[in-house]
Amino acid sequence: MNRYLYIGAVVLLLVGCISACRAHRQVTASFSDLDGEWNVIEMNGKRLDPAVTHQVIGIEAAARRLYGNAGCNRIMGQIEYSDSHKNIIKFPHIGTTRMACPDMSGENELLKTLPEVVRFEAVGDKKPVTQIALYNLTNKKLLVLQRK
């Protein structure tokens, strides 16, 4: 009987240790953490190379302004954010310049994806925040941005 108690205690201890090792403390990102320029490194589940796509999102938190490059054309727009609803963010009005480029597919996808964004969170467990994930209403990860 004592043997079974000993084995049971060891198993519980191991399960507790494994659970503790797996538990990562996620860093909470604030709206001010978004301030600056970000490379788009993932869009709709696809990894992207910023050196190839040239997609950059710039955020001026104080002015609640979005700017950057969609791949070919410059983008600009407004940001909706409320201090009372942490991590909720929207890009309701996005404009672009109108240059024609050989392949507009990545740019068109980004311009279609940005208005779907409703929430952000930090990726990783360390400050300062170096990656941000952007989600839609169904909690699907749309974009991952990496600080330039």
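Modeller: This is a predicted model. In it, the torsion about the S-S bond of Cys72 and Cys101 is about 45°, so the disulfide is right-handed.

Colleague: What makes Cys72 and Cys101 a disulfide?

Modeller: The sulfur atoms of Cys72 and Cys101 are 1.5 Å apart; the cut-off is within 2.5 Å, and therefore the pair qualifies. By this rule the count is one disulfide.

Colleague: Where in the chain do Cys72 and Cys101 lie?

Modeller: Cys72 is in the loop between strand 4 (65–70) and strand 5 (74–78), and Cys101 is in the loop between strand 8 (94–96) and helix 3 (105–113).

Colleague: Why is Cys72 called buried?

Modeller: Its relative accessibility is 13%, and buried means under 20%. Cys101, at 25%, counts as partly exposed, because that class lies between 20% and 50%.

Colleague: Why is the aromatic pair of Phe31 and Tyr81 called stacked?

Modeller: The planes of Phe31 and Tyr81 are 10° apart, and planes under 30 degrees apart count as stacked. Their centres are 4.1 Å apart, where the pairing limit is within 6.5 Å.

Colleague: What does the pair tie together?

Modeller: Phe31 lies in the loop between helix 1 (2–22) and strand 1 (36–43), and Tyr81 in strand 6 (residues 80–81), so the pair ties together parts that are 50 residues apart in sequence.

Colleague: How do you know whether Phe31 is buried or exposed?

Modeller: Phe31 has a relative accessible area of 8%; the limit for buried is under 20%, so the residue is buried. Tyr81, at 10%, also counts as buried.

Key:
Residues numbered from 1 in each chain as written. Predicted model: local features only at pLDDT ≥ 70, side-chain atom pairs only at ≥ 80, totals over all residues. Heavy atoms only, no water. Helix = DSSP H or I, 4+ residues; strand = E, 2+ residues; numbered from the N terminus. Buried < 20%, exposed > 50% of the residue type's maximum accessible area, 1.4 Å probe, protein only. Phe/Tyr/Trp six-rings, centres within 6.5 Å; stacked < 30°, edge-to-face > 60°.
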